[in-house]
Amino acid sequence: MISYLEFEKPVAALEARIAELRAASEGDDVDISAEIKRLEAKSAELLASTYASLTPWQKTQVARHPMRPHFKDYVEEIFDDFVPLGGDRYFGEDEAIIGGLATLDGRKVMLIGHEKGHDTQSRIRHNFGMGKPEGYRKAVRLMEMAGRFGLPVVTLVDTSGAFPGIEAEERGQAEAIARSTEACLALPTPMVAAIVGEGGSGGAVALASAERVLMLEHAVYSVISPEGCASILWRTGEKAPLAAEAMKMTAHDLLELGVIDRIVEEPAGGAHRDRRETALALGAAIAQELDALNKKSSAALRKMREDRFLKIG
Amino acid sequence: MSWLSRVRNALPFGNKRESPDNLWVKCPGCGEMLFTQEYEANLSVCPRCGHHGRIGADPRLAQILDEGFKLLPAPKVKEDPLKFRDSKRYTDRLKAARANSAHPDAFTAASGHIEGRKAVVGVQDFGFMGGSMGMAVGAAFCAGAEKALAEKCAYIVVTAAGGARMQEGILSLMQMPKATVMTRRLKEAGLPYIVVLADPTTGGVTASYAMLGDIHIAEPGALIAFAGQRVIQETIREKLPEGFQRAEYLHQHGMVDMVVERKDLRQTLATLLDYLSPAKAA
Ligand SMILES: [Zn+2]
C-alpha cells in the first residue's frame with residue numbers, strides 16, 4: 001500500500017480508479033483492459049510530470065516519506081556479507097547510526113549511516129534516525145578502524161538532525177559531531193557519502209565530510225529544517241515552504257553550489273515507488289566513485305577532501 | 001550604600017530615563033544599573049553579581065593581546081550567495097549589521113602577543129548578526145589559522161554565536177568541515193589551538209571548531225550548547241536541569257577544561273602558552 005503525499009492526490013485518484021476497474025473486470029466478460037491501459041498511461045504521465053517539477057518543500061516531503069528506502073533497505077539490496085559493529089566503547093550502542101563491514105559488488109568497505117526505522121517500534125529503536133553522541137563516537141571508531149585496515153568508507157546520510165536531548169547534551173553532542181567530521185577529514189582511505197533522504201544539519205555533515213558526496217534526486221540537505229528556519233526568520237513554522245525555497249536545499253541547487261558532486265536519479269514517482277531500482281542505481285554510482293578514488297594515494301585523497309571544503313564558499 | 005548608589009545619587013539626573021543612553025548599562029545578570037564607564041573598566045563584568053557581559057571584537061582583542069597587535073585583513077567572500085530574503089533582504093541585514101560594527105562580519109582575527117608570547121587571536125562577535133557562522137566567519141577563522149601556521153604560533157579563538165547563518169543556507173553548514181580542515185592542520189603542525197567559549201556558543205559553531213581545541217576555556221555562566229533549549233523541551237517535554245548548558249555545567253560534564261573569569265583570562269592563556277610551546281612539538 002502506497003501512502004500518498006498531499007500533492008500526489010490527483011495521481012492517487014487515478015490509481016484508485018485503475019484499481020477499481022481491475023477489481024470490477026475480474027471474472028467479468030467485458031474487456032476493459034484498453035481503458036485500464038489508457039488510465040495507466042495517464043497516471044504514469046501525471047506522476048512523471050509531478051515529480052519533474054517538485055518544489056523544494058514537496059521534495060522535503062518525499063525525502064521524509066515513510067516508505068522511502070532507509071539504511072537497512074540498502075544493506076539488503078546492494079551490500080553483501082554485512083557485519084554490523086556495535087558500540088562506541090565509552091557509553092553505549094546507538095541504533096540511530098548503524099555501521100559495519102560490508103561488501104559492495106565485491107568491494108570491501110566500512111558502511112556507516114543513519115537508520116530511521118519503518119514502523120513505530122523500529123522508529124523508536126532507531127530514535128527516528130537522530131544520532132546521539134555515542135552514535136557519532138561509534139562512527140569515529142569505525143572510520144579510524146577503516147583507515148587502519150585500508151577500507152574505504154561509504155556513508156548513507158538520512159537524518160532530520162542529531163538528537164536534541166538533555167543526556168545528549170551532557171555527553172557532548174557537539175563534541176561528538178565535531179570529532180566525527182574530523183575523523184572523515186583524517187581518513188587515509190577513500191570516502192563516498194550519499195545523502196539518501198534528509199541531510200539535516202550538523203548531524204548529517206558529521207558523516208558527509210567526504211571527497212565525493214552523492215545525493216539522491218529528491219533528497220534534501222540543509223543547515224536547518226525548513227520548519228526551523230521559518231520559525232526563526234519568519235516567526236512562524238507555516239512559512240516552511242518559503243524557507244525551503246530560500247535555503248536552496250535540493251540536489252539540483254546543491255550541485256550548482258558545488259556542495260554535492262553527483263545526483264543519482266530516482267525512479268518515476270520517487271525512491272519509495274521502487275526501492276530496489278533506487279538501491280541499484282545508488283549502488284552502481286557509489287561503486288563507480290570508489291573505483292575512481294581507489295587509485296589515489298592517502299595524501300591525494302586527504303588533499304582532495306580538504307580542497308573540496310576549503311573552496312566551498 | 002554601595003559605590004554604585006553613591007555614584008548614582010551624586011549625579012544630577014539619577015533617574016535612568018533622564019540619563020543619556022550610554023551613561024548607564026543594565027546588568028543582564030542582576031538587573032542593577034551600572035555606570036558604563038566603570039562597567040567597561042571592569043572588562044564588562046558586573047561588579048555586583050559577576051555576570052560576564054557580551055563584548056565586541058575590539059575590546060576582546062584589547063583585553064587578551066598586548067598593545068600593538070595587528071588586525072588581519074578580513075577575507076573577501078561572495079556576498080549573499082543564495083540571494084536570500086525572508087522578511088528582509090539578507091543584504092539589507094548585512095548593511096544594518098555593518099553600520100553598527102567596526103568590522104565587516106562576525107569574526108575578526110589579529111596577530112600579536114599575549115604577555116609577550118606570540119599568538120594569533122580570533123574573536124567572534126555576537127553583536128554582529130548573533131555571531132552567526134557564514135562564509136565570512138569561516139574564511140576569517142581559516143585566515144587566522146593560516147596566519148598561526150605561517151607564524152608557527154598558537155591560535156586562540158573566542159567563540160560566540162547563535163549558530164549558523166541561515167541566510168547562507170547549506171554554505172553556512174559547509175563552514176563546519178572547512179574550519180575543521182584548519183584545526184587539523186594546526187594539530188599536524190604541532191601548534192596549540194585554544195578555544196575560549198564565551199556567551200553564547202551554540203549550534204554548528206559548538207559542533208565544529210569550538211569543541212576541537214587542545215584546551216577549552218569557558219567564561220563563567222556562558223551558555224554553551226548544541227541544541228537550543230526550546231528545541232530540547234519541545235522534543236523531550238521534560239524540565240531542564242538547573243544550570244543546564246552553562247559553562248559550569250559543561251565543566252562538570254567534562255566538556256571544558258576550566259571556567260576562567262575574564263580578569264584572569266590573559267594570564268591563564270599566557271601560562272598555557274608557556275606549557276604548550278610550539279617549539280616543543282615534534
Ligand atoms: Zn549583575
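Student: Let's start with one residue. Where is the place of A227(B)?
Tutor: A227(B) sits in the loop between β8 and α9 of chain B. Keep in mind that this is a predicted model.

Student: Is A227(B) buried or exposed?
Tutor: Buried. The cut-off for that is 20 or more other C-beta atoms within 10 Å. A227(B) has 26, so it qualifies.

Student: What is A227(B) in contact with, leaving aside its neighbours within four places in sequence?
Tutor: P164(A), E169(A) and I232(B).

Student: And how are A227(B) and Y275(B) placed?
Tutor: They are 48 residues apart along the chain. Their C-alpha atoms are separated by 34 Å.

Student: P164(A) and E169(A) belong to chain A. How many residues does each chain put into the contact?
Tutor: Chain B gives 43 residues and chain A gives 40.

Student: Which helices of chain B supply at least two residues each on that side?
Tutor: α5, α6 (169-173), α7 (175-188), α8 (203-206) and α9 (229-236). Of chain B's elements, α7(B) gives the most to the side that touches chain A, with seven residues.

Student: What about the classes of residue there?
Tutor: On the side of chain B that touches chain A, 26 residues are nonpolar, twelve are polar and five are charged.

Student: New topic: cores. Which residues touch the most other members of the largest nonpolar core?
Tutor: A194(A), M215(A) and L197(B). That core has 160 residues. Helix α5 (residues 135-151) of chain B gives the most to this core, with nine residues.

Student: What does L197(B) touch, not counting residues up to four places away in sequence?
Tutor: Its contacts include T159(B), A210(B), H216(B), I217(B) and A218(B). E219(B), A222(B), I224(B), A247(B) and V256(B) are also among them.

Student: What other core lies apart from the largest one?
Tutor: One of five residues, among them V25(B), L34(B), V45(B) and C46(B).

Student: Now the sheet in chain B. What is the order of its strands?
Tutor: The order is β3-β4-β5-β6-β7-β8-β9. These seven strands form an open sheet with mixed pairing.

Student: Which strands stand at the edges?
Tutor: β3 (70-71) and β9 (258-259) of chain B. Each has a single partner strand, so one side of each is left without a neighbour in the sheet.

Student: Do β5 and β6 of chain B run parallel or antiparallel?
Tutor: Parallel. Five bridges join β5 (residues 117-124) to β6 (residues 154-161) in chain B. For one pair to look at, V120(B) stands opposite Y155(B) in β6(B).

Student: Which strands does α5(B) lie across?
Tutor: β4 (107-114), β5 and β6 of chain B. α5(B) runs at about 20° to β4(B). Helix α11 (residues 262-275) of chain B packs on the sheet too, touching β4, β5, β6, β7 (193-201) and β8 (215-218) of chain B. The direction of α11(B) makes about 65° with that of β4(B).

Student: Which residues of helix α3 in chain B are buried?
Tutor: In α3 (residues 57-64), A57(B), R60(B), L61(B) and I64(B) are buried. Seen down the axis of α3(B), they fall within an arc of 95°, so they line one face of the helix. They pack against β4, β5, β6 and α11 of chain B.

Student: Where is K83(B)?
Tutor: In the loop between β3 and α4 (90-99) of chain B. K83(B) counts as exposed because it has 11 C-beta neighbours inside 10 Å.

Student: And R237(B), what is its phi?
Tutor: Positive, about 50°, although R237(B) is not a glycine. R237(B) lies in the loop between α9 and α10 (247-252) of chain B. R237(B) is exposed, with 7 other C-beta atoms within 10 Å.

Student: Last one: how do β2 and β3 of chain A pair?
Tutor: They run antiparallel, joined by eight bridges. A102(A) has V109(A) in β3(A) as its bridge partner. The hairpin has two residues between the strands, and D105(A) takes a positive phi near 45° there.

Conventions
Residues are numbered from 1 along each chain as its sequence is written. Chains are lettered from A and ligands numbered from 1 in the order in which they are written. This is a predicted model: local features need pLDDT of at least 70, side-chain atom pairs count only at pLDDT 80 or more; totals for chains, interfaces and linings use all residues. A nonpolar core is a set of buried Ala, Val, Leu, Ile, Met, Phe, Trp, Tyr and Cys residues joined through C-beta atoms within 7 Å. A residue is buried if 20 or more other C-beta atoms lie within 10 Å of its own, exposed if 12 or fewer, and partly exposed in between; C-beta atoms are placed from the backbone. Helices (H or I, at least four residues) and strands (E, at least two) are DSSP runs, numbered from the N terminus. Two residues are in contact if their C-beta atoms, placed from the backbone, lie within 7 Å. Two strands pair if DSSP finds at least two bridges between them. Axes are lines fitted to C-alpha atoms, for helices over the stretch in contact, and angles run from 0 to 180 degrees between N-to-C directions. The arc is that of the directions from the helix axis to the C-beta atoms. Ala, Val, Leu, Ile, Met, Phe, Trp, Tyr, Cys and Pro count as nonpolar, Asp, Glu, Lys and Arg as charged, and the others, Gly among them, as polar.
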